[in-house]
Amino acid sequence: MLEKIPYHPAAAPSHPKAAEWTPKFLYRDPADPPKVTIRDDFYGTRRKLRIGVLGAGISGIDFLHHLTENIPAESYEVVVYDKNEDVGGVVCRWVLIYV
């Protein structure tokens, strides 16, 4: 038999209409422990966008340039992966070798 458990979110909903859709209770099987956790944020809640950039060459640098100009910095997290220890990619390595 399922057990009825009262549910209270950790924080109030960010939108007043979301309060209408917040569950007041949950059902659980006492013989089967829950395998998932319920998050206390609601659909449509804004989160930081996580961006991974592969390569710090001209395309990666151009992407980061346009990202910082067009999107507020507090709305994303960026990680840049590159095989070299310096930025610039193949173009900069070619210039350093042949100049």
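Colleague: Why does Y27 count as exposed?

Modeller: Keep in mind that this is a predicted model. Y27 has 52% relative accessibility. Exposed means over 50%, so Y27 counts as exposed. Y27 lies in strand 2, residues 25-28.

Colleague: Why does F25 count as partly exposed?

Modeller: Its relative accessibility is 35%. Buried would need under 20%, and exposed over 50%. The value for F25 falls in between, so F25 counts as partly exposed.

Colleague: What makes F25 and Y27 an edge-to-face pair?

Modeller: Two checks. Ring centres must lie within 6.5 Å, and those of F25 and Y27 are 5.5 Å apart. Planes over 60 degrees apart count as edge-to-face. Here they are at 80°, so the pair is edge-to-face. A search of the whole structure finds one aromatic pair.

Colleague: How do you know that the charged end of K4 sits over the ring of F25?

Modeller: The cut-off is 6 Å from the ring centre, along with an angle limit of 35 degrees from the ring normal. The charged end of K4 is 4.0 Å from the centre of the F25 ring. K4 is listed as sitting over that ring.

Colleague: Which residues form the nonpolar patch on the surface?

Modeller: L2, F25 and Y27. Together they have about 330 Å² of accessible area. Patch members need over 30% relative accessible area. F25 at 35% passes, and so does Y27 at 52%.

Colleague: And the whole protein?

Modeller: It has three helices and four strands. Along the sequence they follow β-α-β-β-α-β-α. Buried residues make up 13% of the 99 residues.

Technical notes
Residues numbered from 1 in each chain as written. Predicted model: local features only at pLDDT ≥ 70, side-chain atom pairs only at ≥ 80, totals over all residues. Heavy atoms only, no water. Patch = residues over 30% accessible without salt bridge, like charges linked within 9 Å, V, L, I, M, F, W, Y side chains within 5 Å. Areas by Shrake-Rupley, 256 points an atom, 1.4 Å probe, with all protein chains shown as cover. Salt bridge = Lys/Arg side-chain N within 4 Å of Asp/Glu carboxyl O. Helix = DSSP H or I, 4+ residues; strand = E, 2+ residues; numbered from the N terminus. Buried < 20%, exposed > 50% of the residue type's maximum accessible area, 1.4 Å probe, protein only. Phe/Tyr/Trp six-rings, centres within 6.5 Å; stacked < 30°, edge-to-face > 60°.
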